[in-house]
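Keep your viewer open and try each task before reading on.

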Amino acid sequence: MQFDMRNFDSYREDNRLEVKKAKSGLPLSLWETYSSFANCSGGVIILGVSEDRNGCWLATGLQEEDKLLKEFWDTINNRNKVSHNILTDRDVETLEVDGGNIIMIINVPKAHREQKPVYINNDMFNGTFRRNWEGDYHCSREEVLSMLRDEPQVSMDSKILEDWSIKDLNKESVQSYRNLHRSRRPGHVWEMLGDEEYLKNIGAAAESKVDGKIHPTAAGMLMFGNEYDIVREFPYYFLDYREVLDPTIRWTDRLQSSSGDWSGNIFEFFFRVNSKLVKDIKIPFALDGVIRVDDTPVHQAIREALANCLVNADFYLPRGVVIKKNADAIIMENPGSIRTGKAQMLRGGISDPRNASILKMLNLIGIGERAGSGVPDIFATWERQGWEKPTVEEQYAPDRTIVTLPLSEQDNLVSEQDTIQENTHDKDYETRVQKLLDFCTTPRSRQEMQDFLGIASRGYFLKKFVAPMVNAGELNPTIPDKPNSRNQKYVKS
């Protein structure tokens with residue numbers, strides 16, 4: 001996020017902007033906010049500014065700004081005070097406003113996962129902060145551990161589980177997987193290997209340096225284990241499919257990993273749930289010549305989204321993986337934040353799965369092969385269908401990623417006036433988007449935004465401005481878990 005001095009008078013504090021008076025020196029809370037912004041999506045801290053009762057900013061200025069600037073850099077480079085300095089010289093500047101008042105602008109980027117957690121006072125578990133709409137908050141122990149698990153370059157699912165042997169894996173799941181691999185890639189060089197060597201090659205097992213024996217990896221246990229063994233390593237492990245196609249019935253269908261009547265592992269869950277998700281999707285089949293092709297791009301996109309959900313789940317976090325199928329949407333929730341960041345996830349091009357070994361196993365049987373481009377492909381497929389755009393939401397405390405795939409068509413009832421309006425403004429669309437972003441530096445309602453641009457049609461405005469800007473991460477809803485709330489507002493990211 002970049003601070004624009006031209007909009008100083010219109011800014012308000014939010015979850016990406018923080019002002020501090022700093023009249024008597026650097027405030028202690030500065031470092032809590034630095035930690036918060038670094039561990040979330042970044043933000044801007046402004047020193048030498050106060051906020052009045054109405055939320056308006058007032059420049060109060062800094063005294064001895066050169067001394068403060070030196071103190072700032074000395075402190076942020078002190079590892080006993082701040083764990084990581086993620087700033088460069090160009091991230092900090094002093095400016096003159098309101099007739100001679102000097103303020104300091106500190107642009108804090110989002111920290112890379114290798115740098116997290118960013119904490120203060122040499123105390124990781126008590127000095128790590130994050131940001132929500134109420135301000136900076138202490139991260140729980142679980143949140144800190146989640147960031148630590150994401151830090152190493154080695155995938156977390158490559159861990160060797162030395163308390164188990166290959167015999168503890170579900171033999172039927174292993175054989176089903178091998179049959180799929182054989183049919184997908186006949187004559188593969190691993191086809192004739194015994195189970196132990198085969199599991200080592202696909203990343204489901206490895207040799208321990210402690211006892212020299214072959215044990216399952218975390219990926220192998222998650223993919224092919226039995227639920228009662230999996231939860232011994234991952235106490236919060238839980239897979240849940242909920243289908244509600246009739247609102248008068250609580251569950252039309254439900255599948256849980258803890259039910260005891262099936263293995264409860266990821267491999268079996270994926271195929272059971274994928275077949276349920278695509279069963280009633282109302283899309284025409286395709287033809288290859290005169291041959292019917294049932295595996296349409298929509299089927300492929302749903303399969304990709306489900307794989308993406310599972311390979312990016314942090315199974316050490318609570319609440320588990322939840323897949324919901326309603327009459328008008330498919331919702332996929334997984335524990336864990338987005339490792340590449342939401343904006344990069346939507347752009348595509350970079351693959352950074354939390355469970356790389358599980359992704360490899362799925363790749364070998366033809367699932368999740370479009371590494372780094374899966375999410376953009378899903379959005380493109382939905383657009384071609386004329387369906388409403390999917391949404392991606394990231395939550396904290398605990399970390400959670402939620403992808404919603406609407407199954408309803410976009411509102412195509414655009415009036416003749418809307419069409420004229422659209423054609424008239426196409427050439428300055430980007431200018432109007434930028435004006436709207438500048439207007440939304442403080443949370444604004446949909447009606448306020450619409451009135452600001454002078455657009456009459458609610459449907460047109462939502463379709464052409466709000467939805468694309470939210471999906472691109474340019475606007476954030478203030479009530480993300482209730483998108484249709486009458487109190488919903490939007491603020492610039």
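**Exercise 1. Positive phi values**

In which loop is the place of Glu64? Work out its backbone and its surroundings too.

Some ground rules come before the solution. This is a predicted model, in which local features need pLDDT of at least 70 and side-chain atom pairs count only at pLDDT 80 or more, while totals for chains, interfaces and linings use all residues. Residues are numbered from 1 along each chain as its sequence is written, and side-chain values use heavy atoms, with hydrogens and water left out.

Step 1. Glu64 sits in the loop between strand E4 (57–59) and helix H2 (65–76). Helices (H or I, at least four residues) and strands (E, at least two) are DSSP runs, numbered from the N terminus.

Step 2. Although Glu64 is not a glycine, its phi is positive, at about 50°.

Step 3. Glu64 counts as exposed, at 57% relative accessibility. The scale used here is buried for under 20% relative accessible area, exposed for over 50%, and partly exposed in between (1.4 Å probe, protein chains only).

**Exercise 2. Strand pairing**

Trace the partners of strand E15 (residues 321–326), then give the strand order of the open sheet that contains E19.

Step 1. Two strands pair if DSSP finds at least two bridges between them. Strand E11 (residues 239–244) runs parallel to E15 and is joined to it by six bridges. Within this pair, Tyr241 stands opposite Ile323.

Step 2. E15 also pairs with strand E16 (residues 329–335), in the antiparallel sense and over four bridges. Here Val322 is opposite Glu333. The two strands E15 and E16 make a hairpin, with two residues between them.

Step 3. A reminder for viewing side chains: in a regular strand they alternate between the two faces of the sheet.

Step 4. The open sheet has three strands in the order E19-E21-E20, with antiparallel pairing. Its edge strands are E19 (444–445) and E20 (475–477), each of which pairs on one side only. Two bridges join E19 to strand E21 (residues 489–492), and Arg444 has Tyr490 as its bridge partner.

**Exercise 3. A cavity and its lining**

How many cavities of 30 Å³ or more does the structure hold, and what lines the second largest cavity?

Step 1. On a 1 Å grid over the protein atoms alone, a cavity is a set of points where a 1.4 Å probe fits but cannot get out; lining residues have an atom within 4 Å of a point. Grid points are joined across faces, edges and corners, and a volume is the space filled by probe spheres set on the points.

Step 2. There are two cavities of 30 Å³ or more. The second largest cavity holds about 60 Å³ of space.

Step 3. Its lining is made up of Arg178, His181, Arg182, Arg185, His188, Trp190, Glu191 and Tyr198. Helix H4 (residues 171–184) gives the largest share of this lining, three residues.

**Exercise 4. Buried residues**

Is Met361 buried or exposed, and which residues does Met361 touch?

Step 1. Met361 is in helix H11 (residues 356–364) and counts as buried, at 0% relative accessibility.

Step 2. Contact means heavy atoms within 4.5 Å. Leaving out residues up to four places away in sequence, the residues that Met361 touches include Tyr177, Ile202, Gly220 and Phe224.

Step 3. Met361 and Gly220 are 141 residues apart along the chain, and their C-alpha atoms are separated by 9.3 Å.

Note on methods: 1 Å grid on protein atoms, 1.4 Å probe; cavity = no way out; pocket = protein on both sides within 12 Å on 5 of 7 lines; lining within 4 Å.
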